[in-house]
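Me: I'd like to go through this fold with you, one question at a time. Could you take a look at it with me?

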Amino acid sequence: MNSEFSNVYQDPTRADAYASLETPGTYYLAYRDLPAIIGAHVRGRQALDFGCGAGRSTRFLRGLGFDPVGVDVSEQMLARARRRDPEGDYRLVPDGNLDGLPQGSCDLVLAAFPFDNVPNAEKPALFESLRRLLRDGGRLVNLVSAPEIYLNEWVSFSTRDFPENRHARSGDLVHIIMLDVDDRRPVEDIVCTDESYREFYREAGLTLLDTHRPLGKPGEPFEWISETTIAPWTIYVLGPG
């Protein structure tokens with residue numbers, strides 16, 4: 001990714017804060033339904049965790065029975081992944097370049113949140129690179145922040161200090177504060193609408209197979225704020241078109 005937008009998780013303090021997260025609060029909804037979604041769509045056990053960060057989703061995939069490889073652009077995050085999971089396979093992909101990975105080798109590519117930090121102009125090329133890694137019948141599961149997450153209050157996030165988010169269009173910068181970590185500096189993301197994602201998938205030669213928007217449910221171990229009526233995340237399931 002050769003843009004002026006920088007990955008905030010290159011910052012050691014931010015990386016430490018993010019590495020301490022598992023799936024608290026609103027993040028619980030991001031991962032709650034993934035086992036069922038992946039089980040319904042994926043055959044085989046070779047997985048790539050694109051944008052693995054500190055390894056949370058890589059370890060998640062191993063727990064589902066996959067043989068995962070985690071890749072990321074941030075050496076700061078990978079160092080924390082290796083420290084937590086020394087037996088794991090974690091690799092640096094400078095500038096998001098995936099040319100060193102074998103094409104047609106993956107039954108599953110999971111992208112859990114990295115596209116929140118990728119400029120829209122660069123998304124189609126990255127999706128095309130991920131498509132080339134899929135085997136016939138392979139699946140890309142793209143987990144992203146819905147635009148609504150930047151407009152409301154949540155168990156794990158606050159946006160009340162950023163009214164300008166309401167005027168952001170697809171591709172604009174937005175800000176949000178993570179409440180589950182000690183580092184309360186605003187996170188800078190790039191908002192991307194459902195319409196934009198669907199266009200980027202078409203450009204990349206991917207076919208959209210399923211879309212899931214998880215909501216909080218009564219009786220879950222969190223005091224939901226907006227989560228029961230507004231989905232903070234969108235999960236897209238895609239195959240090579």
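Predicted model: local features only at pLDDT ≥ 70, side-chain atom pairs only at ≥ 80, totals over all residues.

Me: Which residues of α7 does α6 meet?
Reply: Residues are numbered from 1 along each chain as its sequence is written, and side-chain values use heavy atoms, leaving out hydrogens and water. Contact here means heavy atoms within 4.5 Å. From α6, Lys 123, Pro 124, Phe 127, Glu 128 and Arg 131 meet, in α7, Tyr 197, Phe 200, Tyr 201, Glu 203 and Ala 204.

Me: How many residues in the contact of α6 with α7 are charged?
Reply: Asp, Glu, Lys and Arg count as charged; Ala, Val, Leu, Ile, Met, Phe, Trp, Tyr, Cys and Pro are nonpolar, and the others, Gly among them, polar. By class, the contact has six nonpolar residues and no polar ones, and the charged residues number four.

Me: At what angle do the axes of α6 and α7 cross?
Reply: Axes are lines fitted to C-alpha atoms, for helices over the stretch in contact, with angles from 0 to 180 degrees between N-to-C directions. These two axes come within 8 Å of each other, and they cross at roughly 50°.

Me: Which term describes α6 relative to α7, and why?
Reply: Angles under 35 degrees count as roughly parallel, over 145 as roughly antiparallel, 65 to 115 as roughly perpendicular, and the rest as oblique. The crossing is at roughly 50°, so α6 is, relative to α7, oblique.

Note on methods: Helix = DSSP H or I, 4+ residues; strand = E, 2+ residues; numbered from the N terminus.
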